[in-house]
Amino acid sequence: MRLDLHVHSSASDGTQPPAAVVADAEMAGLDGLALTDHDTTAGWAEAAAAALEAGLLFVPGVEVSTQANGVSVHVLAYLPDPADPALAAEMERTRADRLTRAHRMVDLIAVDHPITWADVASRVEPGATVGRPHIADAMVELGLVANRDEAFATVLHSRSRYHVRHYAPGAELAVRLIRGAGGVPVMAHPLAARRGRVVTDGVIAALAAAGLAGVEVEHRDHEPAEREHLRGLAAELGLFTTGSSDYHGTGKLNRIGENLTDPAVLERIEAEATGARVVRP
């Protein structure tokens with residue numbers, strides 16, 4: 001089976017609604033996918049229905065925003081219970097602070113560039129998790145940058161004077177909350193240094209001790225040496241490895257299905273999960 005276990009929709013910062021993402025997965029020849037929008041499960045129902053109609057396997061997931069020692073860490077939660085109060089409360093707190101942070105960043109950017117909050121708000125689907133990609137899309141629309149990549153390499157870079165941090169729970173707490181919600185936590189793109197600072201092996205080891213189940217290795221933001229290092233570290237820590245596209249529609253160059261996860265890994269995820277279930281046609 002061809003499985004891509006990390007894709008995004010307009011429920012967070014993807015450019016397409018969940019059903020369209022599923023359609024793209026079908027066109028790419030995938031047998032299954034996981035929708036892992038940032039800090040929200042809002043796209044699950046639409047994606048699951050579309051997957052059933054298309055004859056694809058659907059894995060409910062979330063990409064939980066966390067931090068460790070001031071470094072941004074994204075943890076993919078597979079098959080958590082969406083009604084778990086502790087995990088839901090943390091994700092809601094993060095979403096709320098993301099919105100406040102986006103307002104502050106736009107105010108700062110507007111000092112030097114012709115952009116308003118209305119320009120950004122028009123790019124956000126109702127109820128979606130707001131993030132820097134929405135600001136980037138507004139900048140593209142206004143002709144300030146050519147694409148999201150240029151926006152993130154300049155104005156929206158984490159070292160830019162316009163950057164504002166947002167609340168995110170500690171990574172170890174998030175891993176425990178995901179496990180408490182019956183989900184299976186996997187660290188997304190752990191060594192993607194081109195995005196900004198990354199955590200040490202020691203932090204990953206601490207997360208493994210807290211309940212981390214796997215690490216995402218096959219990802220376009222990992223160089224070959226980084227992938228090799230992660231495979232060795234995963235073996236040392238008893239973690240499984242995944243591969244995925246981190247697809248965002250037209251928001252990134254990433255193509256759906258460009259990296260895949262071994263079906264045996266999905267079997268392990270299902271065996272460990274006690275929250276949601278994989279949806280099969």
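**View 1. A network of salt bridges links Arg179, Arg268 and Glu272.** In this predicted model, arginine 179 pairs with glutamate 272, and their closest N and O atoms are 3.0 Å apart. Arginine 179 belongs to helix α7 (residues 171–180) and glutamate 272 to helix α10 (residues 263–272), so this pair ties together parts 93 residues apart in sequence. Arginine 179 counts as partly exposed because its relative accessibility is 29%; glutamate 272, at 26%, is likewise classed as partly exposed.

**View 2. Arginine 220 and glutamate 258 form a salt bridge.** The closest N and O atoms of the two residues lie 2.8 Å apart. Arginine 220 is located in the loop between β6 (214–218) and α9 (224–237), and glutamate 258 in the loop between β7 (240–243) and α10; the two are 38 residues apart. Arginine 220 has a relative accessible area of 32% and is partly exposed. Glutamate 258 is also partly exposed, with a value of 28%.

**View 3. A salt bridge joins the side chains of aspartate 39 and arginine 98.** The N to O distance is 3.4 Å. This pair links distant parts of the chain, 59 residues apart: aspartate 39 sits in the loop between β2 (32–35) and α2 (44–54), and arginine 98 in helix α3. Both aspartate 39 and arginine 98 are buried. The structure holds 13 salt bridges.

**View 4. The largest pocket has a volume of about 1300 Å³.** It is lined by 49 residues, of which Ser72, Arg132, Phe152, Arg195 and Gly196 are the closest to its centre. Elements giving two or more residues to the lining include β3 (57–68), β4 (71–78) and α3 (85–110). The lining comprises 14 nonpolar, 19 polar and 16 charged residues.

Technical notes: Residues numbered from 1 in each chain as written. Predicted model: local features only at pLDDT ≥ 70, side-chain atom pairs only at ≥ 80, totals over all residues. Heavy atoms only, no water. 1 Å grid on protein atoms, 1.4 Å probe; cavity = no way out; pocket = protein on both sides within 12 Å on 5 of 7 lines; lining within 4 Å. Points joined across faces, edges and corners; volume = space filled by probe spheres on them. Helix = DSSP H or I, 4+ residues; strand = E, 2+ residues; numbered from the N terminus. Nonpolar A, V, L, I, M, F, W, Y, C, P; charged D, E, K, R; others polar. Salt bridge = Lys/Arg side-chain N within 4 Å of Asp/Glu carboxyl O. Buried < 20%, exposed > 50% of the residue type's maximum accessible area, 1.4 Å probe, protein only.
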